[in-house]
Amino acid sequence: MDRKKVLVVGGAGFIGSNTAKLLSAQGFEPVVYDNLSTGNREAVRWGRLVEGDILDTQRLGAAIDEDKPVAVIHFAASAYVGESVVDPAKYYRNNVSGTLSLLEACRLAGVRNLIFSSSCATYGVPDSLPIREGASQRPINPYGRTKLIAEQMLADYAAAYDLHYVALRYFNASGADIDGELGEAHDPETHLIPRAMMAAAGSIDVLEVYGDDYDTPDGTCIRDYIHVGDLARAHVLAVEYLLGGGGNLAVNLGTGRGTSIREILESIRRLTGRAVPIVLRPRRAGDPPALYADPALAAETLGFRAVYSDLDTIIRTAAPFFGLEVRA
């Protein structure tokens, strides 16, 4: 029996490649569409690679016409908050114009099911915790604004053209493939846990910690870290949800609990025997003390619950990719 094809746009990246692997394991045939500007050719091992840019609507349309996917998963985006502030044009071009290009290619080819990689950055600084999907969306940087605009585009296309979509608002993606086949390899690497491991391994001098005087139990920022394996599973569940006739949806992907920077540093020390050298810096403007999700809606609608997102599993799976040996 022919396997149902899913077009994974941006599927050579960290979360996209993990999702392509799981799609294949769950009986789908992933087809990866990526321009490899930040993606990794070696990560495309579970399905064919079509090299192309998301802004090239004609090439996207040709890929869709050739493979006739039952759904499209949209990962392709620029995703550095700091860079979005100094180069917003890049973010509006890739994240907004790119999404429009993909939506048009889908509309013209008659593809109705789309899963979108959104972000908790659409919320900005929340009024209360945990963050629920009905919270005000007031992003505080161009990256978050582009993700919110893309969500609004999905809703408009759904109303006008019968698009069916799920928008997945990630919290902090982390960890690495449970089987050890796919790790996180961003250039530059800006995420906290990878940089902490890089400092522990000696590949950078220190981890900069911005503020230790927040109103949190240990003074450092608290965030909701979700394992990439859990994120991948949520995308597969979203594909199955739409194929089963599910309605349009925007849900948080998080664990419902927060982890502080100092807890991360202690977990790395305990599991690897390597202390993380740090230097304290002043707080960064716009950094809230704590952010964590209410994951109840994803559980209710998609049947999603985080399985791999305890801190020790996150550290154990990621550490080998940064040259750190995990203690037995």
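These legends accompany close-up views of a predicted model.

**View 1. Helix α1 and its surroundings.**
Helix α1 covers residues 14-25. It has 12 residues. From first C-alpha to last, α1 reaches 17 Å, close to the 16 Å expected at 1.5 Å a residue. Of its 12 residues, 10 are buried, so α1 is largely enclosed by the rest of the structure. The buried residues include Phe 14, Ile 15, Gly 16 and Leu 23. Lys 21 is also one of the buried residues of α1. The cover over these buried residues includes strands β1, β2, β4, β6 and β7, along with helix α7. After the helix comes Gly 27, with a positive phi near 95 degrees.

**View 2. Helix α7, residues 228-243.**
Helix α7 has 16 residues, which should span 22 Å at 1.5 Å a residue. Its end C-alpha atoms lie 23 Å apart, which agrees. Is α7 enclosed or open? Buried residues make up 13 of the 16, so α7 is largely enclosed by the rest of the structure. Just after α7, Gly 245 has a positive phi of about 90 degrees.

**View 3. The second largest pocket.**
This pocket holds about 230 Å³ of space. Which helices each supply at least two residues of its lining? They are α1 and α7. The largest share, four residues, comes from α1. Among the lining residues are Asn 18, Lys 21, Leu 22 and Ala 25. Gly 229, Ala 232 and Arg 233 also line the pocket. So do Asp 177, Ile 178, Asp 179 and Tyr 308. By class, the lining has five nonpolar, two polar and four charged residues.

**View 4. A salt bridge between Lys 21 and Asp 179.**
The structure holds 19 salt bridges. In one of them, the side chains of Lys 21 and Asp 179 meet, with N and O 2.7 Å apart. The two residues come from distant parts of the chain, 158 residues apart. Lys 21 sits in helix α1, while Asp 179 sits in the loop between β7 and α6. Asp 179 has 53%, so Asp 179 counts as exposed. Both residues also line the second largest pocket.

The side chains of Asp 127 and Arg 138 meet in a salt bridge, 3.0 Å from N to O. Both residues lie in the loop between β5 and α5, so the pair ties together parts that are 11 residues apart in sequence. Asp 127 is exposed, at 65% relative accessibility. Arg 138 is partly exposed, at 39%.

Another salt bridge joins Asp 212 and Arg 262, whose closest N and O atoms are 3.7 Å apart. Asp 212 lies in the loop between β8 and β9, and Arg 262 lies in helix α8, so this pair ties together parts that are 50 residues apart in sequence. Asp 212 is partly exposed, with a relative accessible area of 34%. Arg 262 is partly exposed too, with 34%.

A network of salt bridges links Lys 5, Arg 48, Glu 66 and Asp 67.

**View 5. Val 6 in strand β1.**
Val 6 lies in strand β1, residues 5-9. Is Val 6 buried or exposed? Its relative accessible area is 0%, so Val 6 is buried. Leaving aside residues up to four places away in sequence, Val 6 touches Leu 23, Phe 28, Glu 29, Pro 30 and Val 31, among others. Its contacts also include Pro 69, Val 70, Ala 71, Ile 73 and Val 239. Tyr 225 is 219 residues from Val 6 in sequence, and their C-alpha atoms are 27 Å apart.

Most residues other than glycine have a negative phi, and most peptide bonds are trans. The bond from Leu 129 to Pro 130 is cis, with omega near -10 degrees. Pro 130 is in the loop between β5 and α5. Lys 68 is not a glycine, yet its phi is positive, near 50 degrees. Lys 68 belongs to the loop between α2 and β4. At 63% relative accessibility, Lys 68 counts as exposed. Asp 162 also has a positive phi, about 65 degrees, although it is not a glycine. Asp 162 lies in the loop between α5 and β6. Its relative accessible area is 45%, so Asp 162 is partly exposed.

Conventions
Residues are numbered from 1 along each chain as its sequence is written. This is a predicted model: local features need pLDDT of at least 70, side-chain atom pairs count only at pLDDT 80 or more; totals for chains, interfaces and linings use all residues. Side-chain values use heavy atoms; hydrogens and water are left out. The expected span of a helix is 1.5 Å times one less than its number of residues. Buried means under 20% relative accessible area, exposed over 50%, partly exposed in between (1.4 Å probe, protein chains only). On a 1 Å grid over the protein atoms alone, a cavity is a set of points where a 1.4 Å probe fits but cannot get out, and a pocket is an open set with protein on both sides within 12 Å along at least five of seven lines; lining residues have an atom within 4 Å of a point. Grid points are joined across faces, edges and corners, and a volume is the space filled by probe spheres set on the points. Ala, Val, Leu, Ile, Met, Phe, Trp, Tyr, Cys and Pro count as nonpolar, Asp, Glu, Lys and Arg as charged, and the others, Gly among them, as polar. A salt bridge is a side-chain nitrogen of Lys or Arg within 4 Å of a carboxyl oxygen of Asp or Glu. Contact means heavy atoms within 4.5 Å.
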